[in-house]
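User: Here is a model I would like to go through. I want to know what stands behind the labels it carries.

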Amino acid sequence: MLSAFTSFGCLIMLACVPAHKQDPDQGSISSAREHISINEGWRFYKYNSLAEADHLIYDVRPEVFDNRDNKVADDKPTEAVAIKTTQEVLKPWILPAGNAFIKDKEKHHFRPEGNPGGDFLFVQNDFNDNEWESVNLPHDWAITGPFYEGPNPEVGGGMGRLPSPGVAWYRKKLDIPEADKGKSVFLDVDGAMSYAIVWLNGHLVGGWPYGYSSWRLDITPYINPGGENQLAVRLDNPNYSSRWYPGGGIYRNVWLTKTNPVHVGQWGTFVTAKDITKESSTIDLEITIDNDSKNDATIKTVTQIFALDTDGNKTGDAATTTESLKTQVKAGEKTKIECSAVLRNPKLWGPPPLQVPNLYTAVTTVFIKDRPIDRYETRFGIRSLRFDPDSGIFINNERIGIKGVNQHHDLGAIGSAFNKRAAERQLELLREMGCNAIRTAHNPPAPELLELTDRMGFLVMDEAFDSWERKKTPHDFHLIFTDWHEQDLRALVRRDRNCPSVIIWSYGNEVGEQYTDEEGAALGKQLSDIIKEEDPTRPTTSAMNWAKPYMPFSSVMDVISLNYQGEGIRQDPMFEGTNRIRTSPQYPAFHEKFPDKVILSSETASAFSSRGIYLFPVTREISSPVRDGRGGDSEIQQVSSYELYAVDFGSSADKVFSFLEQHPYVAGEFVWNGWDYLGEPTPYYSSRSSYSGIIDLAGFKKDRFYLYQSHWRPDLPLVHILPHWNWPERIGEITPVHVFTSGDEAELFLNGKSLGRKKKGQYEYRLRWDDVKYVPGELKVIAYKNSRKWAEKILKTTGGSAKLEAVTDRNTINADGKDLAFITVKVTDIDGLTVPRSDNLIEFSIEGPGEIIATDNGDPADMTPFPSHKRKVFNGMVLVVVRSVEGNTGTITVRAKSSGLRDTLVEIKSR
C-alpha cells in the first residue's frame, strides 16, 4: 500500500474578528501593505536578579527542588507539579492573543477589564531610558557571557552555562504617521524568549509565552497616529526551562505590518498543487480575508503566479492567473475563499543533486470597486510527495533517502540571535557532507531558516514541541501546554505550510506521554488532528525513544519516527541489570506491526568526539559507550575522535549505517546531530557545549564529517586518514590508523612501506589498521574503487609552530550591518602544514568598516567569553567572526598575531 498525501481545496468559511472603528471608505483606500522591519534602535535593560525584578508576571511557576541539569537525556519525563496562584498574574490578559488559533469559539478567551502594568514606570511614554543599553534586533542577551564556571553554577551545562535566565525589558519608539489613521496595524514577532508581554502607550496589548513561536498582536486600538507611540516588551526567561541553550531576548526579527481594514489575514494563504505532470499542474489557493471594519465589504481577488530566480526575484510575466472572484466579507469577520489556476510546463521543486529547488510566488491582490486595497505574496514550490512503507520517501516520483541531521536553533558563538548568513553557512557545510534533510530539534525554527531550505533544496521535518503535559525540566513547555498547545501548533503549520521543503510535521519529541498508554495516545491523536485540519497534505509524526509497536502511542501517527530504537538502545553487556532503557533493535517489529507506514529514524547515533583529540587505547568494537579510559577523559573533558564512541543510548555512525542497510525499507535517518550546539554537554556537564556534532561549534569539520561524506556521497573521490601523525611520546607504541573512503579498498603506507591493502567487508564503512606502531614521518593512503585508483591522501609529521595562516569563507560581504565573514586561522609549521596539537593564544584586531563580534575554537570546555579578541587555538585552529557596518563600504582588514609566530592578515571587501 502506498501512502500519498495530496492537496485539495477548502470551503468558504466565515469567522469573527475584532472590529475596529475604521470603515473601508472607498475614497481613502490605499493599495499599500507595509511590512516594515523595526529591528533597529531599541533600548534594553535586564534586572541583575529575580529578586530585583518587577512582579508583572504571566503566571506563577513551581519552586525547583531538584536542579540537576545533567540528567540522562532519555530519563523518563515526570508529572507536572500542582501550583496555586497567590498573586495577580497577567495570564488572563495574554490568553486572548491566541484566539485566532483556537478552532472552538466556545473556548476563546475574553479579556478582563483593567490595564495591569499600565502605571509601571517602564511602559510610560515619558520614561527616560537613555541609560539603558542600545541594541538592534535580533538580540541574544546571554551570548556575551560570562560563562558560569565551577560546581553548582547558577546556570548549568545543560543550558550552556550562560546567563539566559532572567527578566528584561525592551523599549522602542514606533513611527506611525497621521496617514496611518484608519489602517489596521500589527506587531509581528518571529520569536522572543520567552513569556513576552507587550504594552503600547501604557496599555497592555497582549503577549505570547512560548519562546519559539511566531506571533502577532493587533495594536490598532492603542496607536496614536501622528503622535508618540512607545512600545515596551517584557520578557521573563526562566531557569531550568530547557535541556539545551535557549538564548534570551527578542532573538528573531520583529515587524510592523500596516494594512487596510480589509486585507489578507495573517499567514492567510495556502497554496497546493495537484495533477502534476511535465505539461501542467493545477494550483489551488485558499485565501483568508479579514474585515476589521464595522461595515460589510464586497471584494474581488485575483492571484498571479510568477517564477522566481535563484535570488528570489520574479522572472518575466505572470506564468498564470486565477479567475477573478467576487466575495462579500461581513464586518468583523473572516472569509475563506478558494480559487485555482492551471500552470503550463511547471518547474518542479526538488532536492539536489538530481533535482532543482525551483520556486514560485503567488501574488494575491484584493480589490474593492476595482481599486487595489491589498497585495500579498506567498512563496511556494510545486512537487509531489509520496510515502511508500517498503521503499521510503519519493519526491517527484524519485526515491530520496533521508540523509538528515538534527539542528538546534543556536548559531554557535553568535548565540540564538538569528542571522541568515550564519544559518546559510551551517547548511552549506552540511550539504558538502551529503546531507539533504534537517529536523528542527525540537521547536519551530526561524522563518528565514525555511527560506534557506526552500532555496537550497533541503527536506525538513518541522517540529513543534519537546514536551507536552509531562515535564523534562521543572520550567519547560509543560507549564503552558494545556493553555497554548493548540495555538502554538496551528500557528506553526499556518506559517510554514507553503514551504515546499517541509515534508513532515512532528508534534513531539520523546514526550513523557509515551508512558501513559491510551491517555498519551489520545493526546497525540489530538495534536495530529490539529495539524491535519490546518494541512491535510503532509504526514504527521512524533519521535519515540520508548514507545514500542504494541503500545497505543505509536498507532496514531502517520510516519513511525524512532529515536535510537532502530539499532537498539544500551545493548552493551555493561547495562545489564540497570534501570535504564534497554531496547533490542526495533525496525523489524515496527515494520511488521505497521506494514502500511513509512519508518524513519528521527534520531540516530549521538556519537561523541572532540575535534583533533585522540585517546588511547582504541576500542576494537564498532561502537562503544564513553568512559574514562574508554574513549573519554573527564579530567580534560574531551572525547576521542576515533569516531567509535557514543552516548550510552546511542551508537557510532558505523553501527547505524549497518542497520539502515540491513533494513532497506527504512526511509533514512536524522543524525544527532549536525553541528555542535550550546548546552547539553554530555558526557561532561562542566563544559559549555555539546560533543555530538559532526561539525564542531566553530564550524570546523570533525573526522566524523568524512565518514558521513564517504557514505552519503559515494561518487565523490574521497579518502581521509586519522589520527594526525604528531606523537613524539608514542614512538614504538600501538597507534591505530583508520581510513574513511568512498572507495571500496585502500592501501596504507608508512614512510613508503606498505602496511597492507584492505577491502571493506559487507556492512563495513571504514578500513582499520589497528596494530600500527608509531614512528614519525609520512602516512599515505591510496584508495581504490572497482580496482581502479580512486583517491589519495598524505599525512605528515609536522615541524614546530612557526606562523599563522588565515582564510575567509567569503572575500566580499554586504555593508548592511548583518552580513558576516567567518575567518579561520591555523597555526602551521614553516612548510604550511597545520600543527595539529597547537594551542597558541591568538590576538585579533580589525581595521575598516567591520567589527569582530565573536571568536571560537570548537573546544566544548573553553570558557573564554565569545566576544573576546583573544582566544587559544584548539588543535591547530581558531575562528573569528566579522560583521559589516551598515552603510560603510571599503576594505576590512583582520589581523591575527601570536607570540613567537609570524602574523597573518586577511582582507574582506564590504560593499
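Analyst: This is a predicted model.

User: What makes the contact of Glu534 and Arg490 a salt bridge?

Analyst: The side chains of Glu534 and Arg490 meet with N to O at 2.8 Å. The cut-off is 4 Å between a side-chain nitrogen of Lys or Arg and a carboxyl oxygen of Asp or Glu, so this pair qualifies. Glu534 lies in helix α5 (residues 517–534) and Arg490 in helix α4 (residues 478–496), and the two are 44 residues apart.

User: Is Glu534 buried or exposed, and how do you know?

Analyst: The relative accessibility of Glu534 is 7%. The limit for buried is under 20%, therefore Glu534 is buried.

User: What makes Glu377 and Lys314 a salt bridge?

Analyst: Their closest N and O atoms are 2.9 Å apart. That is within 4 Å, so the pair meets the criterion.

User: Why are Glu377 and Lys314 called partly exposed?

Analyst: Partly exposed is the range between the buried limit, under 20%, and the exposed limit, over 50%. Glu377 has a relative accessible area of 44%, so it falls in that range. Lys314, at 39%, therefore falls there as well.

User: How do you know that Arg757 and Glu745 form a salt bridge, and which label does each residue get?

Analyst: The closest N and O atoms of Arg757 and Glu745 are 3.0 Å apart, and the cut-off is 4 Å, so the pair counts. Arg757 is in strand β40 (residues 753–759) and Glu745 in strand β39 (residues 745–750), twelve residues apart. Arg757 has 39% relative accessibility, so the label is partly exposed. Glu745 has 10%, which is under 20%, so the label is buried.

User: What makes strand β12 mostly covered?

Analyst: Six of the six residues of β12 (residues 254–259) are buried. Val254, Leu256 and Lys258 point one way, Trp255, Thr257 and Thr259 point the other way, and all are buried.

User: How do you know that β12 pairs with β3 and with β7?

Analyst: Pairing requires at least two bridges. Strand β3 (residues 34–37) is joined to β12 by four bridges, so they pair, running antiparallel. Strand β7 (residues 184–189) and β12 have six bridges, also antiparallel, so they pair too. Among the partners in β12, Trp255 bridges to Ser37, and Thr257 bridges to Phe186.

User: Why are β44 and β48 called edge strands?

Analyst: The open sheet has four strands in the order β44-β46-β50-β48, with antiparallel pairing. β44 (803–808) and β48 (850–856) each pair on one side only. The twist averages 25° from one strand to the next. β48 is joined to strand β50 (residues 877–884) by six bridges, and Ala854 has Val881 in β50 as its bridge partner.

Notes:
Residues are numbered from 1 along each chain as its sequence is written. This is a predicted model: local features need pLDDT of at least 70, side-chain atom pairs count only at pLDDT 80 or more; totals for chains, interfaces and linings use all residues. Side-chain values use heavy atoms; hydrogens and water are left out. Buried means under 20% relative accessible area, exposed over 50%, partly exposed in between (1.4 Å probe, protein chains only). Axes are lines fitted to C-alpha atoms, for helices over the stretch in contact, and angles run from 0 to 180 degrees between N-to-C directions.
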